[in-house]
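Let's take a friendly tour of one protein model. Keep the sequence and the 3D view at hand as you read.

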Amino acid sequence: RLFGVTGNCAACSKLIPAFEMVMRAKDNVYHLDCFACQLCNQRFCVGDKFFLKNNMILCQTDYEEGLMKEGYAPQVR
């Protein structure tokens, strides 16, 4: 339970050992190495924005490109 419902990484589905550091996004838990954009594989640094869409971790660029394809351009101010 400590590492989510299954005890597995949400990205790679492999078991997360109890001693390992993890990243969380809502109910999902990830190995540190797996916590990256699932489209372009960009790793996140401390303070980077990430987005969770359809249970996928996305960087800001891929998230905004997805919005543009769907016809929802983000507001730029």
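This is a predicted model: local features need pLDDT of at least 70, side-chain atom pairs count only at pLDDT 80 or more; totals for chains, interfaces and linings use all residues.

The largest nonpolar core has 11 residues in all: C9, I16, A25, V29, Y30, F35, C37, F44, I57, L58 and C59. Two elements, β2 (28–31) and β4 (56–59), each give two or more residues to this core. The element that gives the most is β4, with three residues. This core lies between domain 1 (1–33) and domain 2 (35–76), because both domains give residues to it.

Leaving aside residues up to four places away in sequence, A25 touches Y30, F35, F50 and L52.

**The aromatic rings**

How many aromatic pairs does the structure hold? There are five. A pair of aromatic rings is described by the distance of the centres and the angle of the planes. Two of these pairs are set out here.

| Ring pair | Distance of centres | Angle of planes | Kind of pair |
|---|---|---|---|
| F35 and F44 | 5.6 Å | 55 degrees | tilted |
| F51 and Y63 | 4.1 Å | 0 degrees | stacked |

Are F35 and F44 buried or exposed? Both are buried. These two residues also belong to a cluster, in which ring pairs link Y30, F35, F44 and F50.

The pair of F51 and Y63 links distant parts of the chain. F51 sits in strand β3 (residues 50–53), while Y63 sits in helix α1 (residues 60–70), and the two are 12 residues apart. F51 counts as partly exposed because its relative accessibility is 22%. Y63 is partly exposed too, with a relative accessible area of 23%.

**The cysteines**

A disulfide is a covalent bond between the sulfur atoms of two cysteines. How many disulfides does a search of the whole structure find? The search finds zero.

To count as a disulfide, the two sulfur atoms would have to be within 2.5 Å.

Key
Residues are numbered from 1 along each chain as its sequence is written. Side-chain values use heavy atoms; hydrogens and water are left out. A nonpolar core is a set of buried Ala, Val, Leu, Ile, Met, Phe, Trp, Tyr and Cys residues joined through side-chain atoms within 4.5 Å. Buried means under 20% relative accessible area, exposed over 50%, partly exposed in between (1.4 Å probe, protein chains only). Helices (H or I, at least four residues) and strands (E, at least two) are DSSP runs, numbered from the N terminus. Domain bounds come from an automatic or database domain assignment. Contact means heavy atoms within 4.5 Å. Rings of Phe, Tyr and Trp (its six-membered ring) pair if their centres lie within 6.5 Å; planes under 30 degrees apart count as stacked, over 60 as edge-to-face and the rest as tilted.
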